[in-house]
Amino acid sequence: MSFAEIWLSGLLLIIVFISFVWVLSVLLKNAGIVDIFWGLTFVLVTVFYFFITPEVSERKILVTTLVVIWGMRLSVHIFIRNLGKPEDYRYQEFRRNYGEKRYWWFSYFQVFLLQGTLVWLVSAPLLAVNYFATEKPFGAIDILAVIIWLTGFIFEAGGDWQLNRFKTNPANKGKLLQTGLWKYTRHPNYFGDAAIWWGFAAFSIAAGCYIPVLSAALMTWLIVKVSGVAMLERTLISTKPGFDEYIKRTSAFIPWIPKTISK
């Protein structure tokens, strides 16, 4: 099968899986479960890419393993975070805007099919690594990719862990986390997620395939400008006391030394 044929087959698999998740969301009346299955969908399609491409290499095994580690951790984290809680405020707002009576089917296109399409587009470097498994030997670019990925994973998983520990302490109610990784970037988990995808893009380059790098650029744009940093900060500015000062002092995305604010 050609690269395009496998990629389109991956899209079909994603649509089938995401449709099942949508049906489950309708039964639960909770479109927010799509966030739990975001990482798992990448795991599913990457494992599919792994087995449908016959060649095997160190890079192919490594990248598939890293996707499984990243995707499973993210899905478990979101599942635990959302357990016992109502539907995320973003989807509640969508229900109000589009109407409860039609949102059950409208959500399929507005949330589930959209996210499935994004998974498919962003998964391009993962297919590239599997498809061009034996084109080039494991080398310096792969090592750089591992470093980028590890940096991203530390920031994403570490940021999530620090925030969860902070929130579970009753003494921190109403306060703003400004220590640990959160001292150097206002969104360590989002920065980490973007870095992870640049790591996968570097693996694609190491395999000799450059166009999938655009997928990392797409993911970064989505995180910074659409569903991540921009959306969350609009909410935090109005709900978290001291967030405006935090903005002045702390880097928005890329970790950096905090600024000194004169009184």
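Biologist: In this predicted model, which residues of helix 2 meet helix 6, and what makes them a contact?

Modeller: F42, T46, Y49 and F50 in helix 2 meet L126, L127 and N130 in helix 6. They are called a contact because heavy atoms lie within 4.5 Å. The residues of this contact divide into five nonpolar, two polar and no charged.

Biologist: Why is helix 2 called roughly parallel to helix 6?

Modeller: Helix 2 (residues 36-52) and helix 6 (residues 124-131) pack at an angle of about 20°, with their axes 9 Å apart. Angles under 35 degrees count as roughly parallel, and helix 2 is therefore roughly parallel to helix 6. The crossing of helix 2 past helix 6 is right-handed.

Biologist: What makes T53 count as buried?

Modeller: T53 has a relative accessibility of 3%. Buried means under 20%, so T53 counts as buried. This residue is placed in the loop between helix 2 and helix 3 (58-82). Leaving aside residues up to four places away in sequence, T53 touches I6, K60, N130 and Y131.

Biologist: How do you know that the side chain of T53 has a polar atom within polar-contact range of Y49?

Modeller: A polar atom of the T53 side chain lies 2.6 Å from the backbone oxygen of Y49. The cut-off for a polar contact is 3.5 Å, so the distance of 2.6 Å is within it.

Biologist: Why is T117 called partly exposed?

Modeller: T117, in helix 5 (residues 100-122), has a relative accessible area of 31%. Buried means under 20% and exposed over 50%, with partly exposed in between; T117 is therefore partly exposed.

Notes. Residues are numbered from 1 along each chain as its sequence is written. This is a predicted model: local features need pLDDT of at least 70, side-chain atom pairs count only at pLDDT 80 or more; totals for chains, interfaces and linings use all residues. Side-chain values use heavy atoms; hydrogens and water are left out. Axes are lines fitted to C-alpha atoms, for helices over the stretch in contact, and angles run from 0 to 180 degrees between N-to-C directions. Helices (H or I, at least four residues) and strands (E, at least two) are DSSP runs, numbered from the N terminus. Angles under 35 degrees count as roughly parallel, over 145 as roughly antiparallel, 65 to 115 as roughly perpendicular and the rest as oblique. A crossing is left-handed if the near helix is turned anticlockwise from the far one by less than a right angle, and right-handed if clockwise. Ala, Val, Leu, Ile, Met, Phe, Trp, Tyr, Cys and Pro count as nonpolar, Asp, Glu, Lys and Arg as charged, and the others, Gly among them, as polar. Buried means under 20% relative accessible area, exposed over 50%, partly exposed in between (1.4 Å probe, protein chains only). A polar contact is a pair of N or O atoms within 3.5 Å; within protein, one must be able to donate a hydrogen and the other to accept it, and residues adjacent in sequence count only if both atoms are side-chain atoms.
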